[in-house]
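Dear colleague,

Please read the definitions along with the values.

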Amino acid sequence: EAAKFSAIAAASRRAAEKAAEAGEVDDAEAASNDAVAAELGVTELVAQVEADGAASEATRAVVFGAAKKVTEDRQLADAAKLAAAATAARREAQDAAKVDDAV
């Protein structure tokens, strides 16, 4: 389970970064939302492991390590979402400046 959430978050981060480069705000937002969902899933898994007194140290280490990575990927996806918005705003400003120059 932890690996699944980690893979989803990593893929979401990459998708958000790609969308940010293209200035695709909606795509970056969707990818960021997927990363948030993965973070919620791994947070539930952490809670289960913490509640399970019989969980081995190895299991705890894997789950907590995945949770840390998922959170990092979610944060990077959020940053990419903001970068996409900035790229789109810059592009709109440049387009507006071209229109003003043409008039």
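Helices here are DSSP runs of H or I with at least four residues, numbered from the N terminus, and their axes are lines fitted to C-alpha atoms over the stretch in contact, with angles running from 0 to 180 degrees between N-to-C directions. The model is a predicted one, in which local features need pLDDT of at least 70 and side-chain atom pairs count only at pLDDT 80 or more, while totals for chains, interfaces and linings use all residues. Residues are numbered from 1 along each chain as its sequence is written, and side-chain values use heavy atoms, with hydrogens and water left out.

Helix α1 (residues 2-22) packs against helix α2 (residues 25-51) at an angle of about 160°, and their axes are 8 Å apart. That angle makes α1 roughly antiparallel to α2, a term that applies to angles over 145 degrees, whereas those under 35 count as roughly parallel, 65 to 115 as roughly perpendicular and the rest as oblique. The crossing of α1 and α2 is left-handed, in the sense that the near helix is turned anticlockwise from the far one by less than a right angle. On the α1 side, the contact (heavy atoms within 4.5 Å) includes Phe5, Ile8 and Ser12, and on the α2 side Asp27, Gly41 and Leu45 are among the residues involved. By class, this contact of α1 with α2 has 13 nonpolar, 2 polar and 2 charged residues, where Ala, Val, Leu, Ile, Met, Phe, Trp, Tyr, Cys and Pro count as nonpolar, Asp, Glu, Lys and Arg as charged, and the others, Gly among them, as polar.

With helix α3 (residues 57-102), α1 packs at an angle of about 15°, the axes being 8 Å apart, and this makes the two roughly parallel. Their crossing is left-handed, and the residues of the contact divide into 17 nonpolar, 3 polar and 6 charged.

For α2 and α3 the angle is about 160° and the axes are 8 Å apart, which makes α2 roughly antiparallel to α3. This crossing, too, is left-handed, and the contact of α2 with α3 has 19 nonpolar, 2 polar and 7 charged residues.

As for rings, the charged end of Lys4 sits over the ring of Phe5, 4.9 Å from its centre; the criterion is NZ of Lys or CZ of Arg within 6 Å of the ring centre and within 35 degrees of the ring normal.

With regards
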